[in-house]
Amino acid sequence: MSKPTALRNLSKQTLFKKGDVFVLFGELFGRGYANGLVNEARAAGLTLIGMTVGRREADGSLRPLNAEELATAEANFGGKIINVPLMAGFDMDSPAGTPTPTAMVNEMTLKSWQEDKLDWAHIEACRQVGVARFKAAVAQAMAQLDALIPDGANAFFAHTMAGGLVKAKVFLAIANRIYKGRGDRFMSSQALLESDLGKLNLMNFDEVTANTFGHLIEGSAAIRARLEKTGGAARYTAYGYHGTEILIDGQYQWQTYTNYTQGYAKKRLEDIARAAWEKGVRATVFNCPEIRTNSSDIFVGVELSLFPLITALSREGCGAWGEAQYKACAALLREDASLETLLGNIHRYNVQPTMAGFRNFDAWPMNNTPELAELMIGTSEDITAMHKERTALITDLLSALVIEATGPLMFNEAAAPSAPVLWLNHDVIAKQLAALHG
Ligand SMILES: NC(=O)c1ccc[n+]([C@@H]2O[C@H](COP(=O)([O-])OP(=O)(O)OC[C@H]3O[C@@H](n4cnc5c(N)ncnc54)[C@H](O)[C@@H]3O)[C@@H](O)[C@H]2O)c1
């Protein structure tokens with residue numbers, strides 16, 4: 001059985017200094033992973049440069065940000081944003097005068113989608129239009145970026161793009177049932193993958209979540225070459241997901257959220273980093289723990305693996321600060337609930353044979369089952385109900401801690417990365433928090 005390559009110790013390496021440039025490839029949202037790196041880069045004195053995916057008009061056309069949107073985005077990010085729309089995926093692209101993949105999916109119904117067929121030659125033509133549009137936008141953005149990075153500087157390119165769910169009404173209803181449905185509302189992820197609709201989505205995930213990393217590395221080749229020639233360097237990071245080791249039964253064990261349909265695209269993302277590495281480009285995918293963000297909220301139950309981090313904090317030496325986190329978590333629960341009971345429930349959940357059956361690294365990403373949905377979504381609902389407020393969850397607090405830790409872990413390791421694909425498990429996350437606060 002193959003094994004994840006984990007980062008076990010904190011890197012103390014430094015490369016980046018004041019005057020170097022940090023480029024965020026993707027937009028920054030309040031709860032997003034990228035905040036960890038952005039904060040670290042800002043603290044190290046780097047110049048922050050952001051990108052945008054642009055905005056869609058009601059007719060589906062893509063445009064840059066308007067003056068007001070740009071000002072808001074730049075204030076939120078704390079740096080200049082290059083205003084070239086870098087929306088990836090081809091769900092809204094097509095050769096002129098022909099239907100887009102989204103329009104084609106809109107013809108399907110909740111009754112018919114498993115039998116509905118797509119015209120693959122046409123889908124491929126749409127994909128080519130989308131890829132050409134994205135690559136042209138990257139070239140335009142890189143030309144602007146080139147002028148903003150001085151000779152001899154180091155550039156840190158942080159890729160954060162992921163997504164690609166085709167935004168057709170019928171598919172959103174199906175996705176809701178696959179990721180949130182149990183009992184009568186359960187839907188099999190395998191049925192989706194076997195349908196043309198599912199295959200189209202996998203292609204779009206590949207374009208958004210994986211291939212954009214390749215286009216970034218390729219599109220910035222001239223900048224990289226200039227910097228290397230003048231005494232600087234370029235580094236690339238991306239956020240992966242491929243399960244996480246968390247404390248189960250007193251030991252760090254690999255586990256995963258299921259069904260993570262996007263997992264095929266995340267494996268492709270890892271392959272892109274490995275291929276770049278072979279060519280001498282320092283590109284590293286950091287496979288990160290499950291947290292709650294705008295993007296992951298659709299996956300009910302993904303947050304359950306966060307709770308054992310509370311135990312990892314004391315195990316890895318977070319001391320009094322770790323105890324304060326324990327108390328802060330406990331304070332979010334109702335009077336009649338306790339954190340001890342909650343952690344006991346999580347323990348029983350993790351050692352259930354149903355859950356253990358999904359801890360198969362080589363078979364990842366596996367499909368869902370009715371038993372899994374029942375157990376995972378049920379446990380998620382029960383644990384949420386133990387809180388005083390649904391808007392102030394322990395997993396919000398823990399997600400913020402994970403984001404904080406990934407900042408220095410990725411920033412420092414990227415200076416001289418040890419591998420193209422590295423897992424950040426709960427052990428090293430807690431060690432980093434201990435170093436920051438313990
Ligand atoms: N949330 C988790 O549990 C988790 C775990 C491991 C890895 N990650 C990864 O972390 C990264 C950031 O995600 P996040 O969870 O912080 O959520 P987020 O919503 O903050 O970030 C999603 C990013 O994807 C970009 N994006 C979305 N659709 C796009 C499109 N069509 N074209 C181009 N860009 C698009 C957004 O601009 C944004 O930068 C992603 O790669 C995600 O897969 C997340």
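**Helix packing and ligand contacts in the predicted model**

The axes of helix α4 (residues 120-146) and helix α7 (residues 196-219) come within 11 Å of each other and cross at roughly 25°. Axes are lines fitted to C-alpha atoms, for helices over the stretch in contact, and angles run from 0 to 180 degrees between N-to-C directions. Helices are DSSP runs (H or I, at least four residues) numbered from the N terminus. α4 is therefore roughly parallel to α7, a term applied to angles under 35 degrees. Their crossing is right-handed, that is, the near helix is turned clockwise from the far one by less than a right angle. W120, I123, E124, R127, V131, F134, K135, V138 and M142 of α4 make the contact with D196, K199, L200, M203, E207, T212, H215, L216, E218 and G219 of α7, contact meaning heavy atoms within 4.5 Å. These residues comprise 9 nonpolar, 3 polar and 7 charged; Ala, Val, Leu, Ile, Met, Phe, Trp, Tyr, Cys and Pro count as nonpolar, Asp, Glu, Lys and Arg as charged, and the others, Gly among them, as polar.

The model is predicted, with local features requiring pLDDT of at least 70 and side-chain atom pairs counted only at pLDDT 80 or more, whereas totals for chains, interfaces and linings use all residues. Residues are numbered from 1 along each chain as its sequence is written, and side-chain values use heavy atoms, with hydrogens and water left out.

Helix α1 (residues 34-43) and helix α15 (residues 394-413) have axes that come within 7 Å and cross at roughly 55°. N35, G36, L37, E40 and A41 of α1 touch I403, G407, P408, M410 and F411 of α15, giving 6 nonpolar, 3 polar and 1 charged residues.

Helix α12 (residues 339-351) packs against helix α14 (residues 370-385) at an angle of about 180°, with the axes 11 Å apart. The two are therefore roughly antiparallel, the class for angles over 145 degrees. L342, I346 and Y349 in α12 meet L375, M376, T379 and I383 in α14; this contact has 6 nonpolar, 1 polar and no charged residues.

Around the ligand are 25 residues, of which E27, Y33, K266, T293 and S295 come nearest. A ligand nitrogen atom is 2.8 Å from a polar backbone atom of A88, and a ligand oxygen atom is 2.9 Å from a polar backbone atom of I291. For T293, an N or O atom in the side chain is 2.7 Å from an oxygen atom of the ligand.

Notes
Angles under 35 degrees count as roughly parallel, over 145 as roughly antiparallel, 65 to 115 as roughly perpendicular and the rest as oblique. A residue is near a molecule or strand if one of its heavy atoms lies within 4 Å of it. A polar contact is a pair of N or O atoms within 3.5 Å; within protein, one must be able to donate a hydrogen and the other to accept it, and residues adjacent in sequence count only if both atoms are side-chain atoms.
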